[in-house]
Amino acid sequence: MVMQMWDGLPHTFKQVWLGNLTEFQKAINGYMDWMNVDIGLYNALSLNIDLTLPDYFGRNRRNKILEQMKDIRLFLVDVEKMLNASSYQEYDDEGNMVPYRMAIKALDVPLTNDAKNYNALFKELEHDLSVLSEFKDANASD
């Protein structure tokens, strides 16, 4: 899944932000369902983000974004732990387990319109989905 990048225009932020979070939530929950049904990596994980956002930049919007990012971070930590504890592991040439890494960095959410910062976050979320996509490709049943 390719995340939309934000152009820095205040009136487009809410649409891009909520669109990306909605698609991220759908995609990641789809991977969790696939793990349950297709490969028997049973889990009760489901990402449920509150997909609301104040209309204007300010403290309330910043706090809401921080809350949403905290929910995503905690969810990804749980997914990472589940994958690393599973029998679906990758190993390097020396036989050492290569852990799955999905945790996103803490986001510095500015009160201003900082497209570079938000677009960097969107790239991190894309990366996390690509980790799950590669996992699925490597473990999908025929």
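In this predicted model, α1 and α2 are roughly parallel to each other (an angle under 35 degrees), because their axes cross at roughly 20°. The two axes come within 13 Å; axes are lines fitted to C-alpha atoms, for helices over the stretch in contact, and angles run from 0 to 180 degrees between N-to-C directions. The crossing of α1 and α2 is left-handed, that is, the near helix is turned anticlockwise from the far one by less than a right angle. Contact (heavy atoms within 4.5 Å) is made by residues of α1 including Phe13, Trp17, Phe24 and Met35, and by residues of α2 including Arg61, Ile65, Ile72 and Leu83. By class, this contact has 16 nonpolar, 2 polar and 2 charged residues. Ala, Val, Leu, Ile, Met, Phe, Trp, Tyr, Cys and Pro count as nonpolar, Asp, Glu, Lys and Arg as charged, and the others, Gly among them, as polar.

The axes of α2 and α3 also come within 13 Å, and they cross at roughly 25°. These two helices are therefore roughly parallel to each other, and α2 passes α3 in a left-handed crossing. On the α2 side the contact is made by Ile65, Met69, Ile72, Leu76, Val79 and Leu83, and on the α3 side by Tyr118, Leu121, Leu125, Asp128, Leu132 and Phe135. The classes here are 11 nonpolar, no polar and 1 charged.

The largest nonpolar core holds 37 residues. Such a core is a set of buried Ala, Val, Leu, Ile, Met, Phe, Trp, Tyr and Cys residues joined through side-chain atoms within 4.5 Å, where buried means under 20% relative accessible area (1.4 Å probe, protein chains only). Trp17, Phe24, Met35, Ile72, Leu83 and Leu132 touch the most other members. Two or more residues come from each of α1 (10-37), α2 (59-85) and α3 (115-139), and α1 gives the most, with 11. Beyond its neighbours within four places in sequence, Trp17 is in contact with Leu53, Ile65, Gln68, Met69, Tyr118, Leu121 and Phe122.

The chain has 3 helices and 2 strands, in the order α-α-β-β-α from the N terminus. Helices (H or I, at least four residues) and strands (E, at least two) are DSSP runs, numbered from the N terminus. Of the 142 residues, 41% count as buried.

Residues are numbered from 1 along each chain as its sequence is written. Local features need pLDDT of at least 70 and side-chain atom pairs count only at pLDDT 80 or more, while totals for chains, interfaces and linings use all residues; side-chain values use heavy atoms, with hydrogens and water left out.

Definitions and conventions
Buried < 20%, exposed > 50% of the residue type's maximum accessible area, 1.4 Å probe, protein only. Parallel < 35°, antiparallel > 145°, perpendicular 65-115°, else oblique.
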